[in-house]
Amino acid sequence: MSRSAVAAMTAYTLDLREADVKLNQNESPYDFPRELKEEALARVLDRPWNLYPDFESLALREAIASAEGLTAGNILAGNGSNELLAAAVGTFVGPGTPVVFPRPAFALYEKLITISGGLALPVDFDPDSGLLPVDEMLAVIAAHQNPVSILCSPNNPTGGVLPENGLDRLLRSGAMVLFDRAYCDFEEGGPAGEPALCSNLVTFRTFSKAFGLASLRVGWLESTAENCREIRKVKLPYSLNIISEAIATIALGNRELRDAHVASIIAERRRVLEAMRAIPGITPFPTSANFIAFRTPDARRMFEALLARRVLVRDVSAYPRLKNCLRVSIGSPEQNDAFLDALREAL
């Protein structure tokens with residue numbers, strides 16, 4: 001039998017539906033170019049497939065470190081940033097460890113805390129503000145010994161961000177901060193740069209969003225060499241295959257392609273936000289991510305009405321503070337036009 005804490009949990013699920021316009025998973029609308037796919041496959045053809053991949057993913061870690069101005073000892077690569085987040089939680093969170101996180105947030109955070117036996121301390125905030133609740137989080141952190149904090153900025157599913165100096169204030173509290181930066185490339189003006197390495201900070205990045213490589217499941221974390229050594233003890237071995245490693249390495253060498261796609265997505269986000277704000281009954285939240293969460297008169301009826309028009313979005317209405325809310329990913333201009341037309345018709 002499973003442990004009681006696990007038995008009481010619900011699985012992370014996704015409502016699988018067929019649609020012509022798929023805007024429910026925060027994916028990039030831009031595929032990796034065929035010539036770069038062929039370059040990656042050519043590299044893989046020269047590798048023996050009967051042998052395990054590099055135990056340390058050293059070539060990819062060195063490529064990431066070079067791009068980020070770090071050393072390979074500051075990087076761990078894994079099967080998506082979620083695997084690395086799970087390893088970090090397993091490293092720093094044990095039975096009774098207080099873990100402070102904003103809510104609504106990515107549902108996986110609370111699940112990982114529960115599995116590790118930690119004490120989940122959610123801090124609810126108003127998604128209309130567009131900001132994460134740093135003051136309230138600091139108050140909870142100050143009331144507990146040896147706390148851990150998990151947060152994502154821009155936040156999933158709301159799109160809100162840390163206020164100015166928010167990360168510095170969390171770090172000065174002494175809490176171990178696990179900082180999910182999956183959507184940081186979509187902030188206006190681009191990300192402000194990687195936070196400086198410090199002993200109580202681990203940041204997580206992904207190739208899924210800005211790089212448009214969600215199917216590969218490749219992510220990385222950055223931290224001090226000591227933290228990386230500790231997390232490596234928990235992380236599963238051989239979690240990356242040679243195909244994913246090859247494509248991710250090539251993507252790092254073609255960052256101008258990523259930058260062009262990100263610029264297009266940001267421009268489309270501005271356009272879609274402006275159009276949504278002009279639709280009576282629709283209230284989009286401020287967002288710095290590649291998606292927009294929005295309040296509707298009736299989320300379930302709106303979800304089905306959009307789907308009837310072959311547009312699939314994400315129903316997030318079961319999240320705390322998100323009653324009657326949906327979330328739509330920013331797609332191509334054509335996809336976004338289809339969504340806006342369907343939204344107007346559904347109302």
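**Helix packing and sheet architecture**

Helix 10 and helix 12 are roughly parallel to each other, because the angle between them falls under the 35 degrees that sets this class. In this predicted model, helix 10 covers residues 255-277 and helix 12 covers residues 333-346; the two pack at an angle of about 10 degrees, and their axes lie 11 Å apart. On the helix 10 side, the contact is made by E268, R271, V272, A275 and M276. Helix 12 meets these residues with P333, N336, D337, F339, L340, L343 and R344. Sorted by class, the residues of this contact comprise 7 nonpolar, 1 polar and 4 charged.

The contact of helix 3 with helix 9 consists of 6 nonpolar residues, 1 polar residue and 1 charged residue. As a reminder, an α-helix has 3.6 residues a turn, so residues three or four places apart point the same way.

Turning to the sheets, 7 strands make up an open sheet with mixed pairing, in the order 2-8-7-6-5-3-4. Strand 2 (75-78) and strand 4 are its edge strands, each pairing on one side only. From one strand to the next, the twist averages 20 degrees. Within this sheet, strand 3 and strand 5 run parallel and are joined by 2 bridges; V99 has V148 in strand 5 as its bridge partner. Helix 4 packs on the sheet and touches strand 2, strand 5, strand 6, strand 7 (201-206) and strand 8 (219-222), with its direction at about 165 degrees to that of strand 7. Helix 6 (residues 134-142) also packs on the sheet, where it touches strand 3, strand 4 and strand 5, and its direction makes about 165 degrees with that of strand 3.

Helix 5 (residues 107-116) has L108, Y109, K111, L112, I113 and S116 as its buried residues. Among the elements that cover them are helix 4 (81-92), strand 3 (98-103), strand 4 (119-124), strand 5 (148-152) and strand 6 (176-180). After helix 5 comes G117, with a positive phi near 85 degrees.

The model also holds an open sheet of 4 strands, paired antiparallel in the order 9-10-13-12. Strand 9 (283-284) and strand 12 (314-315) each have a single partner strand, so one side of each lacks a neighbour in the sheet. Strand 12 and strand 13 (residues 325-329) run antiparallel and share 2 bridges, with R314 opposite R327 of strand 13. Helix 11 (residues 299-308) packs on this sheet, in touch with strand 12 and strand 13, and its direction is at about 35 degrees to that of strand 13.

The loop between strand 9 and strand 10 (291-295) contains T287. Its relative accessibility is 10%, under the 20% cut-off, so T287 counts as buried. Leaving aside residues up to four places away in sequence, T287 touches T158, G159, R269, L273 and I292. Between T287 and L326, the separation is 39 residues in sequence and 14 Å in space, C-alpha to C-alpha.

Terms used
Residues are numbered from 1 along each chain as its sequence is written. This is a predicted model: local features need pLDDT of at least 70, side-chain atom pairs count only at pLDDT 80 or more; totals for chains, interfaces and linings use all residues. Side-chain values use heavy atoms; hydrogens and water are left out. Axes are lines fitted to C-alpha atoms, for helices over the stretch in contact, and angles run from 0 to 180 degrees between N-to-C directions. Angles under 35 degrees count as roughly parallel, over 145 as roughly antiparallel, 65 to 115 as roughly perpendicular and the rest as oblique. Contact means heavy atoms within 4.5 Å. Ala, Val, Leu, Ile, Met, Phe, Trp, Tyr, Cys and Pro count as nonpolar, Asp, Glu, Lys and Arg as charged, and the others, Gly among them, as polar. Two strands pair if DSSP finds at least two bridges between them. Buried means under 20% relative accessible area, exposed over 50%, partly exposed in between (1.4 Å probe, protein chains only).
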